[in-house]
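I opened a new page for this chain.

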Amino acid sequence: MTEFSNLKILKTFEENSLPDLDVVTLGALELFQENKPESLDFSKHSKPLVVGSGNAISTAKILFENTNAIFANESDYKDKLSLDIDSVYIFSASGGKHAPILAKASKNKNLETYLITCTPNSQAEEIVGKQNTTITQKNREPYTYNTSTYLGWILAKTQENPKEIQDFIENKIKPQIPHNFIHYSGYLLVTPDKFVNLNPLFEVKFIELFGRKLARDVKSTEELKHAITVVSSSTELCINFTGKKIDFVGDELKIEIPENFGHAAMMAITYYIIGFIQKQNQPYFKEHIKDYIKRNAKGDFGKAISTIVE
């Protein structure tokens, strides 16, 4: 029987031993080798409103690519609930925070409302009902990492092989990772155009882990052509995933993605590399997450957040 070492870490870590993103990413791939992702079928409705916050809505956009879906987040959902739609799909890993607010607003419009979440018996499930709730697998992870949650949703659509992805990461990507990430105060990630809907996930992950301590931009090949590289810096690293020559003056790390790899592989590879940026820098997230949880314990989401998400 295969021993999944990263999965083992995720089952046992504590608040004072939070894992970095690379370990969490490999652990997610191991989870879905051990257990196939749940199937997700959104074909019942032709004009859905798809709602979510942060990286949940970014992931949902990948799941609903090439459909007539309308997308909304926690800031603009009220106006979009009045559009010509036939259903609402709410994506929320926790089923809490904004999800119950979105669910109540949708139900008040008498719209068929569905919840996709990784958390059983959530606040949002109480509103939409068990019959309209799909609960998917997740690992035990540090707050806001949400790696197994969103990777599982993407794998459910793309049907990529998580073992093939992990083998590629460990055999091809890991040897290319430099040991001098600490030298750089800014990063430019350039991705193939077909993965443009993943770019917000990478931006958000940088913000969550590094705040404003590290600068970052994530652009597709075509987006890069719009004056993104006018100002150069000796302390900026470009991570170029395109396999193409680009306009960039400075240090460049070229990571080529096999043509047959899909969104799940691209997400896992990039998260893994961001995990090494995390490893080689000051542990900003680990230094600040406990205080963040304390500050927000009495906020809008109350006890809905904790340092470790079980």
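My entries follow, and they concern a predicted model.

**Entry: the sheet**

I looked up the strand order first. An open sheet of 5 strands runs E2-E1-E3-E4-E5, with parallel pairing. Which strands stand at the edges? They are E2 (70-72) and E5 (133-135). Each has a single partner strand, so one side of each lacks a neighbour in the sheet. On average, neighbouring strands are turned by 20 degrees against each other, direction ignored.

E4 (residues 113-117) runs parallel to E5, and 3 bridges join the two.

Next I asked what H5 does here. Helix H5 (residues 99-108) lies across E1 (48-52), E3 (87-91) and E4. H5 runs at about 175 degrees to E3.

**Entry: H3 against H7**

I turned to a helix pair. Two packed helices are described by the angle between their axes and the distance between the axes. The axes of H3 and H7 (residues 147-158) come within 10 Å and cross at roughly 5 degrees. Angles under 35 degrees count as roughly parallel, so H3 is roughly parallel to H7.

I listed the residues that meet. H3 brings Asn 55, Ala 56, Thr 59, Ile 62 and Leu 63. H7 brings Tyr 150, Trp 153, Ile 154 and Lys 157. I sorted this contact by type and got 6 nonpolar, 2 polar and 1 charged.

**Entry: H9**

I checked the length of H9 (residues 199-210). At 1.5 Å a residue, its 12 residues should span 16 Å. The end C-alpha atoms are 17 Å apart, which agrees.

Which residues of H9 are buried? I noted Asn 199, Leu 201, Phe 202, Glu 203, Lys 205, Phe 206, Leu 209 and Phe 210. Their cover includes helices H2 (21-34), H3 (55-63), H10 (263-280) and H11 (284-296). Strands E7 (186-191) and E8 (215-220) are also part of that cover. I looked just past the helix too. Gly 211 follows H9, and its phi is positive, near 55 degrees.

**Entry: Val 309**

I finished on one residue. Val 309 is found in strand E11 (residues 308-309). Is Val 309 buried or partly exposed? Its relative accessible area is 28%, so Val 309 is partly exposed.

Pro 142 is 167 residues away along the chain, yet the C-alpha atoms of Val 309 and Pro 142 are separated by 5.9 Å. Leaving out residues up to four places away in sequence, Val 309 touches Lys 138, Asn 139, Arg 140, Glu 141 and Tyr 143.

Key. Residues numbered from 1 in each chain as written. Predicted model: local features only at pLDDT ≥ 70, side-chain atom pairs only at ≥ 80, totals over all residues. Heavy atoms only, no water. Helix = DSSP H or I, 4+ residues; strand = E, 2+ residues; numbered from the N terminus. Expected span 1.5 Å × (residues − 1). Buried < 20%, exposed > 50% of the residue type's maximum accessible area, 1.4 Å probe, protein only. Contact = heavy atoms within 4.5 Å. Axes fitted to C-alpha atoms, helices over the stretch in contact; angles between N-to-C directions. Parallel < 35°, antiparallel > 145°, perpendicular 65-115°, else oblique. Nonpolar A, V, L, I, M, F, W, Y, C, P; charged D, E, K, R; others polar. Pairing = 2+ DSSP bridges.
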